[in-house]
Amino acid sequence: MIDSRATRTGTDPEALCRALLRVFLVVALAIAFFQRMAGAQTAEPVPVDPVRPPVPLEVGTAWTYVGHVWWIPRHRVGIYREHVTWTSEITAVKRRRGWTAAMLEGHPYDLLGSHAGRERGTYVLLLRGRKNAGPRIFLVGGQRAWDVWRRIQDREDTLDGLALPEEFVLELPLRGGRPICPPTTPDVPTSSCWSVVNEGPADLRAVRGGEEIHDAVRYSVSQRTPSQHAIWTFVPGLGFTSFAYGQEGEISAVELQLVDYHAPSAIGETALDD
């Protein structure tokens, strides 16, 4: 269901709507940030289980989110809001040369932009294991997802440069107050870094399937650039449990909460070449 609100003004109603949405995004993200900060201060952090994988990468694993999307359609006046239910599912997994690649059908990024009638896109989640350090996680979308998937299956490919710095998401283990930056290259701006703004015990009672995960830790991760502001929560062993995302270029915002986590009963087929 979509709500449309038109703002009247004697000069430029579209500009006023855009200004109001910018204010709304800042306030909504600030509220989400301080709520998570307050929650983190009410309990002592629980140590991370070093055995638990950072993200379940098995065929059939699925995360379902519920929330809202706000946007201003092109050549229209008013802020539109849509209630959404969105699922991200692993459809295939390949492992080669220290990389684990999981093909995803759907991701919250599908909801960015000023349009309705969205469809689930194809992504590849990459996990790179490292000696004497925690793994790095990358997310690849669009045509590059198919290029990366083709490379991961090519036994002749050395997989050099498989992931780009701008596709970097996280580096584990996470610690409160610690910045998370892409692999160092001269052309990566500091705005590409993420920050762990707080951590604490994860309350998964509202997530169907989350009761299987015990003593979990929740991390709030934030990134701010001139055009966007994002706050995610991440639970090792489960994945991302919420998204609060505002993008100024096309004037859009997304706020989602994980409500259902499905783990398959058996590990899916993988291609091993190590």
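Author: Helices (H or I, at least four residues) and strands (E, at least two) are DSSP runs that are numbered from the N terminus, and two strands count as paired if DSSP finds at least two bridges between them. This is a predicted model, in which local features need pLDDT of at least 70 and side-chain atom pairs count only at pLDDT 80 or more, whereas totals for chains, interfaces and linings use all residues. Residues are numbered from 1 along each chain as its sequence is written, and side-chain values use heavy atoms, with hydrogens and water left out.

The part in question is built around β3. Strand β3 (residues 79-96) and strand β4 (residues 99-105) run antiparallel and are joined by 7 bridges. They form a hairpin with 2 residues between them, and Arg97 in the turn has a positive phi of about 50°. Arg95 has Thr100 in β4 as its bridge partner. Strand β3 also pairs with strand β2 (residues 62-71), in the antiparallel sense and over 10 bridges; there, Gly67 stands opposite Val84 in β3.

Arg96 leads from this part to another stretch of the chain. Asp154 and Arg96 are 58 residues apart in sequence, yet their C-alpha atoms are 9.5 Å apart in space. Asp154 has its place in the loop between α2 and β7. With 31% relative accessibility, Asp154 is partly exposed, a class that lies between buried (under 20% relative accessible area) and exposed (over 50%), for a 1.4 Å probe and protein chains only.

Side chains of opposite charge can pair when their charged atoms come close. A salt bridge is defined here as a side-chain nitrogen of Lys or Arg within 4 Å of a carboxyl oxygen of Asp or Glu, and the whole structure holds 8 of them. In one, the closest N and O atoms of Arg144 and Glu167 are 2.6 Å apart. Arg144 belongs to helix α2 (residues 143-153) and Glu167 to the loop between α2 and β7, so this pair ties together parts that are 23 residues apart in sequence. Arg144 is partly exposed at 25% relative accessibility, while Glu167, with a relative accessible area of 12%, is buried.

Glu171 and Arg130 form another salt bridge, at 3.6 Å from N to O. Because Glu171 is in strand β7 (residues 168-171) and Arg130 in strand β5 (residues 122-130), this pair ties together parts 41 residues apart in sequence. Glu171 counts as buried at 13% relative accessibility, and Arg130 as partly exposed at 27%.

Arg205 and Asp203 also make a salt bridge, with their closest N and O atoms 2.7 Å apart. Arg205 is exposed at 75% relative accessibility, and Asp203 is partly exposed with a relative accessible area of 48%. Through shared partners, salt bridges join Arg130, Arg136 and Glu171 into one network.

There remains the covalent link. A search of the whole structure finds 1 disulfide, a term that denotes a pair of cysteine sulfur atoms within 2.5 Å. The sulfur atoms of Cys181 and Cys193 lie 2.1 Å apart. The torsion about their S-S bond is about 110°, so the disulfide is right-handed. Both Cys181 and Cys193 are in the loop between β8 (179-180) and β9 (194-201), 12 residues apart. Cys181 is partly exposed, at 32% relative accessibility.
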